[in-house]
Amino acid sequence: MIGDRPLLYVCVRPQAGAAAGEYQSFREAGRADESQMHMHDLVRDPLPSDVFDTYSGFLIGGSPFNLTDPESTKTDVQRRLEADLELIARASAQNETSALFTCFGIGIVTRMLGGTVSRAYPEDTGPTVVERTAASDTDPLFGSLAHRFEALTAHKEGAGEVPAGAVQLATNAACPVQAYRVGERLYATQFHPEPTGRAFTERMAVYRDDGYFDAHAYDNIAARVLAASLNEPMRVVRGFVDLFG
(Lines give C-alpha, C1' and ligand atoms only; values in the text may rest on other atoms or scores of the structure.)
Protein backbone atom coordinates (compact mmCIF):
# COMPACT_ATOMS: atom_id res chain seq x y z
CA MET A 1 0.00 0.00 0.00
CA ILE A 2 1.27 3.47 -0.91
CA GLY A 3 2.39 5.28 2.23
CA ASP A 4 2.81 8.90 3.21
CA ARG A 5 6.06 9.28 1.27
CA PRO A 6 6.38 8.62 -2.46
CA LEU A 7 8.84 6.33 -4.17
CA LEU A 8 11.57 7.72 -6.43
CA TYR A 9 12.47 6.43 -9.88
CA VAL A 10 16.16 7.25 -10.38
CA CYS A 11 17.06 7.87 -14.02
CA VAL A 12 20.58 6.91 -15.12
CA ARG A 13 20.00 7.28 -18.87
CA PRO A 14 21.42 10.32 -20.71
CA GLN A 15 18.81 9.89 -23.47
CA ALA A 16 15.75 11.87 -22.40
CA GLY A 17 13.31 9.88 -24.52
CA ALA A 18 14.45 6.53 -23.14
CA ALA A 19 14.38 7.93 -19.59
CA ALA A 20 10.82 9.23 -19.93
CA GLY A 21 9.66 5.91 -21.36
CA GLU A 22 11.34 3.94 -18.57
CA TYR A 23 9.75 6.14 -15.90
CA GLN A 24 6.35 5.56 -17.44
CA SER A 25 7.00 1.81 -17.60
CA PHE A 26 7.91 1.66 -13.90
CA ARG A 27 4.79 3.62 -12.97
CA GLU A 28 2.53 1.44 -15.12
CA ALA A 29 4.04 -1.81 -13.89
CA GLY A 30 3.77 -0.60 -10.29
CA ARG A 31 0.30 0.90 -10.82
CA ALA A 32 1.56 4.17 -9.38
CA ASP A 33 0.72 7.66 -10.57
CA GLU A 34 3.11 10.63 -10.65
CA SER A 35 2.22 11.62 -7.08
CA GLN A 36 3.15 8.15 -5.83
CA MET A 37 6.35 7.73 -7.84
CA HIS A 38 8.54 10.75 -8.58
CA MET A 39 11.48 10.96 -11.01
CA HIS A 40 15.02 12.19 -10.43
CA ASP A 41 17.49 12.61 -13.31
CA LEU A 42 20.76 11.45 -11.76
CA VAL A 43 22.67 12.09 -14.98
CA ARG A 44 22.09 15.82 -14.65
CA ASP A 45 21.57 16.34 -10.91
CA PRO A 46 23.21 14.70 -7.87
CA LEU A 47 21.05 13.10 -5.21
CA PRO A 48 19.48 15.77 -2.97
CA SER A 49 20.82 15.81 0.57
CA ASP A 50 17.37 15.05 2.00
CA VAL A 51 16.52 12.24 -0.41
CA PHE A 52 16.34 9.50 2.24
CA ASP A 53 13.96 11.57 4.35
CA THR A 54 11.78 12.46 1.37
CA TYR A 55 11.25 9.05 -0.25
CA SER A 56 10.18 5.66 1.07
CA GLY A 57 12.17 3.74 -1.54
CA PHE A 58 13.96 3.83 -4.86
CA LEU A 59 13.65 2.17 -8.27
CA ILE A 60 16.81 2.34 -10.37
CA GLY A 61 16.56 1.87 -14.12
CA GLY A 62 18.98 0.72 -16.77
CA SER A 63 21.74 2.69 -18.47
CA PRO A 64 24.12 2.63 -21.44
CA PHE A 65 26.97 3.09 -18.95
CA ASN A 66 29.07 0.04 -18.03
CA LEU A 67 30.81 -0.47 -14.71
CA THR A 68 33.50 -2.53 -16.42
CA ASP A 69 34.65 0.31 -18.67
CA PRO A 70 38.20 1.39 -17.76
CA GLU A 71 38.13 4.10 -15.12
CA SER A 72 40.26 6.29 -17.38
CA THR A 73 37.44 6.35 -19.96
CA LYS A 74 34.62 7.20 -17.55
CA THR A 75 33.33 10.75 -17.44
CA ASP A 76 33.02 12.73 -14.23
CA VAL A 77 29.25 12.35 -14.57
CA GLN A 78 29.46 8.56 -14.65
CA ARG A 79 31.78 8.42 -11.64
CA ARG A 80 29.52 10.72 -9.63
CA LEU A 81 26.42 8.78 -10.74
CA GLU A 82 27.96 5.46 -9.66
CA ALA A 83 28.87 6.93 -6.25
CA ASP A 84 25.35 8.25 -5.71
CA LEU A 85 23.83 4.89 -6.60
CA GLU A 86 26.15 3.21 -4.12
CA LEU A 87 24.75 5.48 -1.41
CA ILE A 88 21.27 4.12 -2.14
CA ALA A 89 22.52 0.54 -2.33
CA ARG A 90 24.38 0.80 0.97
CA ALA A 91 21.44 2.44 2.77
CA SER A 92 19.01 -0.23 1.58
CA ALA A 93 21.45 -3.04 2.42
CA GLN A 94 21.50 -1.63 5.95
CA ASN A 95 17.66 -1.54 6.05
CA GLU A 96 17.63 2.27 6.15
CA THR A 97 15.53 2.46 2.96
CA SER A 98 14.25 0.15 0.22
CA ALA A 99 15.51 -0.19 -3.35
CA LEU A 100 15.01 -2.14 -6.54
CA PHE A 101 18.10 -1.96 -8.80
CA THR A 102 17.70 -3.22 -12.38
CA CYS A 103 20.08 -4.09 -15.26
CA PHE A 104 23.02 -1.65 -14.94
CA GLY A 105 21.99 -1.16 -11.32
CA ILE A 106 22.60 -4.78 -10.29
CA GLY A 107 26.28 -4.24 -11.08
CA ILE A 108 26.38 -1.30 -8.67
CA VAL A 109 25.05 -3.48 -5.86
CA THR A 110 27.30 -6.43 -6.71
CA ARG A 111 30.43 -4.27 -6.72
CA MET A 112 29.40 -2.47 -3.52
CA LEU A 113 29.12 -5.87 -1.79
CA GLY A 114 32.56 -6.96 -3.02
CA GLY A 115 31.34 -9.16 -5.87
CA THR A 116 32.69 -9.37 -9.40
CA VAL A 117 31.09 -7.81 -12.48
CA SER A 118 32.62 -8.77 -15.82
CA ARG A 119 32.01 -8.91 -19.57
CA ALA A 120 31.76 -12.72 -19.37
CA TYR A 121 27.96 -12.81 -19.05
CA PRO A 122 26.33 -10.59 -21.69
CA GLU A 123 22.85 -11.30 -22.99
CA ASP A 124 21.38 -10.43 -26.35
CA THR A 125 18.60 -7.90 -26.66
CA GLY A 126 15.23 -9.58 -26.42
CA PRO A 127 13.32 -12.17 -24.43
CA THR A 128 15.05 -14.85 -22.37
CA VAL A 129 13.82 -17.54 -19.98
CA VAL A 130 14.52 -16.98 -16.27
CA GLU A 131 14.13 -19.59 -13.54
CA ARG A 132 13.38 -18.94 -9.89
CA THR A 133 15.63 -20.58 -7.32
CA ALA A 134 14.37 -22.69 -4.41
CA ALA A 135 15.48 -19.90 -2.09
CA SER A 136 12.94 -17.59 -3.74
CA ASP A 137 9.96 -19.67 -2.64
CA THR A 138 9.52 -17.66 0.56
CA ASP A 139 10.47 -14.27 -0.90
CA PRO A 140 7.65 -11.69 -0.82
CA LEU A 141 8.31 -10.46 -4.36
CA PHE A 142 9.46 -13.61 -6.17
CA GLY A 143 7.78 -16.42 -4.24
CA SER A 144 4.47 -16.24 -6.11
CA LEU A 145 5.98 -15.96 -9.61
CA ALA A 146 5.99 -18.84 -12.06
CA HIS A 147 9.06 -21.03 -11.64
CA ARG A 148 10.05 -20.31 -15.27
CA PHE A 149 9.10 -17.09 -17.01
CA GLU A 150 10.09 -14.85 -19.89
CA ALA A 151 11.88 -11.57 -19.24
CA LEU A 152 13.68 -8.96 -21.34
CA THR A 153 17.43 -8.41 -21.30
CA ALA A 154 19.99 -6.25 -23.08
CA HIS A 155 23.35 -5.95 -21.34
CA LYS A 156 27.08 -6.24 -21.96
CA GLU A 157 28.19 -7.22 -18.43
CA GLY A 158 26.96 -9.37 -15.57
CA ALA A 159 27.94 -11.67 -12.73
CA GLY A 160 28.58 -15.39 -12.42
CA GLU A 161 27.75 -15.64 -8.73
CA VAL A 162 25.90 -13.58 -6.16
CA PRO A 163 27.95 -11.41 -3.80
CA ALA A 164 28.46 -12.35 -0.17
CA GLY A 165 25.35 -11.89 1.94
CA ALA A 166 22.89 -12.00 -0.97
CA VAL A 167 20.09 -14.54 -1.48
CA GLN A 168 19.85 -15.63 -5.12
CA LEU A 169 16.29 -15.45 -6.42
CA ALA A 170 16.57 -16.14 -10.16
CA THR A 171 19.04 -17.49 -12.70
CA ASN A 172 19.56 -18.75 -16.25
CA ALA A 173 22.39 -20.32 -18.23
CA ALA A 174 23.60 -17.25 -20.11
CA CYS A 175 23.88 -14.96 -17.07
CA PRO A 176 23.69 -16.95 -13.81
CA VAL A 177 22.82 -14.01 -11.56
CA GLN A 178 19.41 -12.77 -12.70
CA ALA A 179 18.07 -11.58 -9.36
CA TYR A 180 18.94 -11.49 -5.68
CA ARG A 181 17.91 -9.92 -2.38
CA VAL A 182 20.10 -8.42 0.33
CA GLY A 183 18.52 -8.26 3.78
CA GLU A 184 14.82 -7.51 3.61
CA ARG A 185 14.74 -4.30 1.56
CA LEU A 186 17.30 -4.42 -1.24
CA TYR A 187 16.47 -6.19 -4.52
CA ALA A 188 18.47 -6.38 -7.73
CA THR A 189 17.55 -7.84 -11.13
CA GLN A 190 19.67 -8.30 -14.23
CA PHE A 191 16.58 -8.52 -16.41
CA HIS A 192 14.27 -5.56 -16.99
CA PRO A 193 11.15 -6.12 -14.89
CA GLU A 194 9.22 -3.02 -15.93
CA PRO A 195 8.60 -2.68 -19.69
CA THR A 196 5.86 -3.99 -21.89
CA GLY A 197 7.03 -5.40 -25.20
CA ARG A 198 5.96 -2.22 -26.98
CA ALA A 199 7.85 0.02 -24.56
CA PHE A 200 10.96 -2.13 -24.92
CA THR A 201 10.92 -1.89 -28.73
CA GLU A 202 10.70 1.89 -28.41
CA ARG A 203 13.75 1.80 -26.13
CA MET A 204 15.51 -0.47 -28.65
CA ALA A 205 15.02 2.20 -31.31
CA VAL A 206 16.85 4.74 -29.14
CA TYR A 207 19.86 2.41 -28.71
CA ARG A 208 19.72 0.89 -32.18
CA ASP A 209 23.30 1.89 -33.03
CA ASP A 210 24.87 1.38 -29.59
CA GLY A 211 26.11 -2.17 -30.09
CA TYR A 212 23.46 -4.08 -28.13
CA PHE A 213 22.17 -5.81 -31.26
CA ASP A 214 22.56 -5.84 -35.03
CA ALA A 215 20.70 -2.74 -36.17
CA HIS A 216 19.66 -4.53 -39.35
CA ALA A 217 17.92 -7.19 -37.24
CA TYR A 218 15.72 -4.68 -35.42
CA ASP A 219 12.44 -5.87 -36.98
CA ASN A 220 13.09 -9.54 -36.23
CA ILE A 221 14.13 -8.85 -32.62
CA ALA A 222 11.20 -6.49 -32.10
CA ALA A 223 8.80 -9.20 -33.33
CA ARG A 224 10.16 -11.64 -30.72
CA VAL A 225 9.88 -8.99 -28.01
CA LEU A 226 6.27 -8.22 -28.91
CA ALA A 227 5.41 -11.92 -28.84
CA ALA A 228 6.88 -12.48 -25.37
CA SER A 229 4.70 -12.96 -22.28
CA LEU A 230 5.94 -10.41 -19.74
CA ASN A 231 3.38 -10.50 -16.94
CA GLU A 232 5.66 -12.17 -14.38
CA PRO A 233 8.53 -9.63 -14.43
CA MET A 234 6.09 -6.74 -14.00
CA ARG A 235 4.75 -8.40 -10.86
CA VAL A 236 8.17 -7.79 -9.26
CA VAL A 237 7.71 -4.04 -9.69
CA ARG A 238 4.11 -4.18 -8.51
CA GLY A 239 5.13 -6.18 -5.46
CA PHE A 240 7.91 -3.73 -4.63
CA VAL A 241 5.54 -0.77 -4.85
CA ASP A 242 2.90 -2.53 -2.73
CA LEU A 243 5.42 -3.60 -0.10
CA PHE A 244 7.63 -0.53 0.17
CA GLY A 245 5.62 2.34 -1.24
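In which sense do β8 and β9 pair, parallel or antiparallel? β8 and β9 pair in the antiparallel sense, over four bridges. The model described here is predicted. A search of the whole structure finds 18 salt bridges, and the structure also holds nine aromatic pairs.

- Strand β9 covers residues 186-189, and both of its faces are covered.
- Leu 186 and Ala 188 lie on one side of β9, Tyr 187 and Thr 189 lie on the other, and all of these residues are buried.
- In a regular strand, side chains alternate between the two faces of the sheet.
- β9 also pairs with strand β4 (residues 99-102), in the parallel sense and over four bridges.
- Phe 101 stands opposite Ala 188 of β9.
- Three residues separate β8 and β9, which form a hairpin; Gly 183 in the turn has a positive phi of about 65°.

**Salt bridges**

- Side chains of opposite charge can pair when their charged atoms come close.
- Arg 181 and Asp 139 form a salt bridge in which the closest N and O atoms are 2.6 Å apart.
- This pair links distant parts of the chain, with Arg 181 in strand β8 (residues 179-182) and Asp 139 in the loop between β5 (123-132) and β6 (148-155), 42 residues apart.
- Arg 181 and Asp 139 are both buried.
- Asp 76 and Arg 79 meet through their side chains in a salt bridge of 3.1 Å, N to O.
- Asp 76 and Arg 79 are three residues apart in helix α3 (residues 76-93), so about one helical turn separates them.
- Asp 76 is exposed, with a relative accessible area of 61%, whereas Arg 79 is partly exposed at 33%.
- Asp 76 and Arg 79 belong to a network of salt bridges that also links Glu 71, Lys 74, Glu 82, Glu 86, Arg 90 and Arg 111.
- The side chains of Glu 34 and Arg 27 form a salt bridge of 3.8 Å, N to O.
- Glu 34 is exposed, with a relative accessible area of 51%, while Arg 27 is buried, with a value of 16%.

**A buried charge without a salt bridge**

- Glu 123 is found in strand β5.
- Glu 123 is buried but has no salt bridge; Arg 224, the nearest side chain of opposite charge, is 11 Å away.
- The Glu 123 side chain makes polar contacts with the side chains of His 155 (2.7 Å) and Asn 172 (3.1 Å).
- Leaving aside residues up to four places away in sequence, Glu 123 touches several residues, among them Thr 128, Thr 153, Cys 175, Gln 178 and Gln 190.

**Aromatic rings**

- A pair of aromatic rings is described by the distance of the centres and the angle of the planes.
- Among the nine aromatic pairs, Tyr 9 and Tyr 23 form one that is stacked, at 5.5 Å centre to centre with 15° between the planes.
- Tyr 9 and Tyr 23 are buried.
- The rings of Phe 240 and Phe 244 form a tilted pair, because their centres are 5.0 Å apart and their planes stand at 55°.
- Phe 240 and Phe 244 are four residues apart in helix α7 (residues 231-244), separated by about one helical turn.
- Phe 240 and Phe 244 are buried.
- Tyr 9, Tyr 23 and Phe 26 make up one aromatic cluster.

Methods. Residues numbered from 1 in each chain as written. Predicted model: local features only at pLDDT ≥ 70, side-chain atom pairs only at ≥ 80, totals over all residues. Heavy atoms only, no water. Salt bridge = Lys/Arg side-chain N within 4 Å of Asp/Glu carboxyl O. Buried < 20%, exposed > 50% of the residue type's maximum accessible area, 1.4 Å probe, protein only. Helix = DSSP H or I, 4+ residues; strand = E, 2+ residues; numbered from the N terminus. Pairing = 2+ DSSP bridges. Lys, Arg positive; Asp, Glu negative; His and termini not counted. Polar contact = N/O pair within 3.5 Å; in protein donor to acceptor, adjacent residues only side chain to side chain. Contact = heavy atoms within 4.5 Å. Phe/Tyr/Trp six-rings, centres within 6.5 Å; stacked < 30°, edge-to-face > 60°.
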